[in-house]
Amino acid sequence: MLKFFVFSLGFLVFVGLAAVVGGFYALHHYGRGLPDYKQLADYEPPMVTRIHAGDGRLMSEYAIERRVYVPIQAIPKRVVNSFLSAEDKNFYEHPGVDFVSLLRAVVTNVANIGQGRRLVGASTITQQVAKNFLLTNEVSYERKIKEALLAFRIERTFSKDRILDLYLNEIYLGGGSYGVAAAALNYFNKPLDQLTIAEAAYLAALPKAPNNYHPVRKHAAAVARRNWVLRRLLEDGKITPEEAETARNSPLEVRRRDVTEVVDADFFSEEVRRELVELYGNDKLYEGGLSVRTTLDPRLQRIADLTLRNGLLAYDRRHGWRGPVTQLDMESGDWQEKLAEIRLPAGAKPWRLAAVLEVGAQSAAVQLADGTEGTLPMSELVWARKWLKNQRFGEKPSKPSDVVAVGDVVLVEPVEANEEGETYEAGTFALRQLPQIDGALVALDPHTGRVLAMSGGFSFEQSQFNRATQAKRQPGSSFKPFVYLAGLDSGYTPATIILDAPFVIDQGPGLGKWKPGNYTKKFYGPTRMRVGIEKSRNLMTVRLAQTIGMERVADYSQRFGIDKNLQQVLSMSLGAGETTLMQMTTAYAMLVNGGKRITPSLIDRIQDRNGATIYRHDLRLCEDCMTDYQSGGVIPELEDEREQIADPRSAYQVVSMLQGVVERGTGRKIKAVGKPLAGKTGTTNDYMDAWFVGFSPDLAVGIFTGFDNPRTLGRSEGGSAVAAPIFRDFMAEALKDQPAIPFRIPPGIRIVRLNAETGQLARPGDRNVMLEAFKPDNVPSGQQVLIDGGSPVTGETGGGALPVQPRNEGLSGGLY
């Protein structure tokens with residue numbers, strides 16, 4: 001008996017030692033290659049980055065996992081208790097592994113194996129954190145051992161609340177929901193603090209297998225699993241019997257998440273996305289949970305999209321009909337099915353596809369894919385002249401058969417009245433066509449550079465190429481104001497006389513002679529500078545550029561951010577260089593703001609997931625900005641740190657001349673807005689591009705139109721015909737409810753009455769009198785300067801500025 005006792009004791013000691021040695025070996029063997037669990041200290045779950053408009057409304061979201069992070073301190077107790085009862089009721093007592101539950105699971109699984117049932121697990125929340133963050137989903141005993149070892153280490157390093165925080169914000173709960181906060185919104189359209197006990201219990205039922213407990217497809221299983229969690233909560237004393245009964249009897253109903261009001265600004269959003277990637281990289285954008293407040297004004301953006309679209313469509317309609325989308329064989333019995341299979345062309349929304357069923361004398365009968373029937377009246381077809389090469393067009397159609405034929409599949413839009421306001425019958429449609437021309441519009445605050453609206457093309461769906469920021473095109477005559485600004489800063493005035501006459505310059509051996517001309521093909525002799533810009537006289541601009549030197553013109557181009565490397569050849573003074581609409585609009589903004597440098601910005605500020613501001617466009621500090629002004633505090637004034645890049649007086653003189661462009665010159669169409677506006681048209685050789693860039697005192701707007709693969713827009717389709725109407729319509733709507741604010745006159749400007757014919761001071765009785773802006777030291781005093789640019793016809797250059805006597809000497813006049 002004693003021997004047996006000694007043997008048994010020795011065996012137990014041996015087994016114990018073997019177990020200890022085996023345990024140390026397992027710890028050594030499986031603990032060597034474990035991931036660094038300490039990285040969890042700095043772990044931040046992937047979160048959605050949201051882009052907001054200037055008024056706070058959502059524009060777009062970027063994410064890999066659509067997660068809403070909520071710290072453990074803000075998660076309601078009923079939610080926490082539900083997950084603890086369902087997943088790990090001893091969470092706050094065990095060291096990482098729940099040995100009691102583990103033993104219970106072993107016993108249960110032995111029975112389950114014998115009965116062919118599914119095995120049960122005993123992983124704690126800590127073990128699940130170890131698996132989800134640090135390990136794979138491999139099913140093996142090795143992974144379970146590593147999981148347990150990591151759980152012990154995690155428990156020694158982190159608090160229970162930190163572990164629970166990681167778990168509840170990381171766990172996947174189905175339906176694209178990562179974390180409990182996202183799940184509450186997606187399943188019940190509620191924030192966490194509004195969940196009922198039953199709803200919280202359902203979320204806690206999901207971690208093991210969300211798809212097995214889908215609230216709609218597997219409703220019965222979902223309710224049973226929810227009720228199981230409620231039973232566990234009752235057993236753990238977390239809810240009362242009455243609460244448990246009420247929760248069990250409540251129906252499991254999911255509610256569709258409220259549709260978030262999203263501001264439609266695809267080109268703007270994509271430009272912001274690219275900027276964020278450049279600043280922080282893709283990982284930060286798609287996982288960083290950034291909150292980005294942009295400069296976008298949703299009202300102006302809507303106006304920009306609509307007016308640009310309408311302007312491009314108006315041009316396209318002027319140049320004819322290019323034919324149907326496709327054609328169907330109407331004799332076949334399945335034409336309706338084939339019509340339904342045709343995809344709506346990109347960019348055609350909200351138009352519809354329709355098949356032409358019959359062509360009559362005054363209308364055509366059509367049918368949509370959904371069976372809706374209607375008519376195309378002749379009044380909605382008269383625009384559809386046949387398109388010809390080089391944007392020419394044929395004769396005006398006289399009957400529907402000149403435009404459409406039976407079997408044509410065309411784009412249509414329901415209409416209620418014609419352009420004259422005459423009402424149509426129900427079921428009347430208008431013929432539509434996607435334009436080939438494209439363009440862009442930019443609107444920004446000239447004082448800060450904040451981009452308020454940006455439309456980069458007719459349709460983002462059709463093309464994501466942003467013509468406001470990515471298309472480098474020749475600005476044509478819209479560049480001229482900067483040549484004149486350089487001249488004004490050189491001492492000339494808006495009344496300076498410039499010779500408008502033939503100009504020829506030898507370009508060098510084998511290059512021939514350069515002979516620029518005016519748009520009208522005429523010459524006007526000595527003419528005031530103001531008239532030169534109002535009428536967009538090329539020859540006057542070239543002579544001024546030659547007189548002041550292209551080096552100076554290139555300097556101004558660089559200062560205003562138009563072209564940093566402008567070639568110093570005279571053709572560049574007429575806008576032969578290349579720039580973007582954003583750069584050009586910003587340059588004009590710096591004219592109306594008095595020559596202050598601004599940088600266009602799409603982002604006001606960026607906050608990280610914790611609400612800390614990590615980026616601000618305006619870096620000025622304002623220590624007194626928290627003052628309660630309504631209590632009598634003095635409104636703080638921030639220092640103006642903008643660099644002065646031109647004489648503000650010269651800038652105003654250019655603004656005044658550009659106002660003349662609208663009132664009397666190439667931009668006369670814009671005068672109909674009835675507000676103080678200024679700007680300049682731009683048209684390139686062979687009508688390849690059409691521009692209008694201008695401003696009100698507090699809003700700078702640029703328009704570019706042209707084909708993506710440059711070709712002529714057609715004869716006379718320049719800036720005044722294509723781009724200016726878009727500018728006009730945008731400004732009319734944008735400024736509709738605003739007072740008529742005059743352009744601000746800087747100190748050091750004298751407004752003088754001039755004789756418009758002579759450019760000299762007006763005298764009493766003069767009939768053609770105008771007001772002109774001068775600097776005090778160059779008000780006309782009798783003798784004028786004629787800029788002739790030297791004598792390029794003969795090759796002689798004598799300085800280019802010649803004194804001439806005015807046609808009416810000794811005039812005097814009053815000053816304002």
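**The second largest pocket**

Analyst: Let's start with the space itself: the second largest pocket has a volume of about 1300 Å³. Its lining is made up of 41 residues, and those closest to the centre are Ser 477, Asn 518, Tyr 519, Asn 538 and Thr 683. Keep in mind that you're looking at a predicted model.

What kinds of residues make up the lining? Sorted by class, there are 22 polar residues, 10 charged ones and 9 nonpolar ones.

Now for the elements behind that lining. Strand S20, covering 678-683, and helix H21, covering 719-734, each supply at least two of the lining residues. S20 gives the most, with 4 residues.

To see how a pair of helices packs in this model, turn to H9 (residues 219-235) and H10 (residues 241-249). Their axes are 10 Å apart, and the angle between the two helices is about 175°. Because of that angle, H9 counts as roughly antiparallel to H10. On the H9 side, Arg 226, Asn 227, Leu 230 and Leu 234 make the contact, and they meet Pro 241, Ala 244, Ala 247 and Arg 248 of H10. By class, the residues of this contact split into 5 nonpolar, 2 charged and 1 polar.

Finally, zoom out to the whole protein. You'll find 21 helices and 26 strands, and of the 816 residues, 50% count as buried. Looking at contacts with a separation of 6 or more, 68% of them link residues 24 or more positions apart.

Notes
Residues are numbered from 1 along each chain as its sequence is written. This is a predicted model: local features need pLDDT of at least 70, side-chain atom pairs count only at pLDDT 80 or more; totals for chains, interfaces and linings use all residues. Side-chain values use heavy atoms; hydrogens and water are left out. On a 1 Å grid over the protein atoms alone, a cavity is a set of points where a 1.4 Å probe fits but cannot get out, and a pocket is an open set with protein on both sides within 12 Å along at least five of seven lines; lining residues have an atom within 4 Å of a point. Grid points are joined across faces, edges and corners, and a volume is the space filled by probe spheres set on the points. Ala, Val, Leu, Ile, Met, Phe, Trp, Tyr, Cys and Pro count as nonpolar, Asp, Glu, Lys and Arg as charged, and the others, Gly among them, as polar. Axes are lines fitted to C-alpha atoms, for helices over the stretch in contact, and angles run from 0 to 180 degrees between N-to-C directions. Angles under 35 degrees count as roughly parallel, over 145 as roughly antiparallel, 65 to 115 as roughly perpendicular and the rest as oblique. Contact means heavy atoms within 4.5 Å. Buried means under 20% relative accessible area, exposed over 50%, partly exposed in between (1.4 Å probe, protein chains only).
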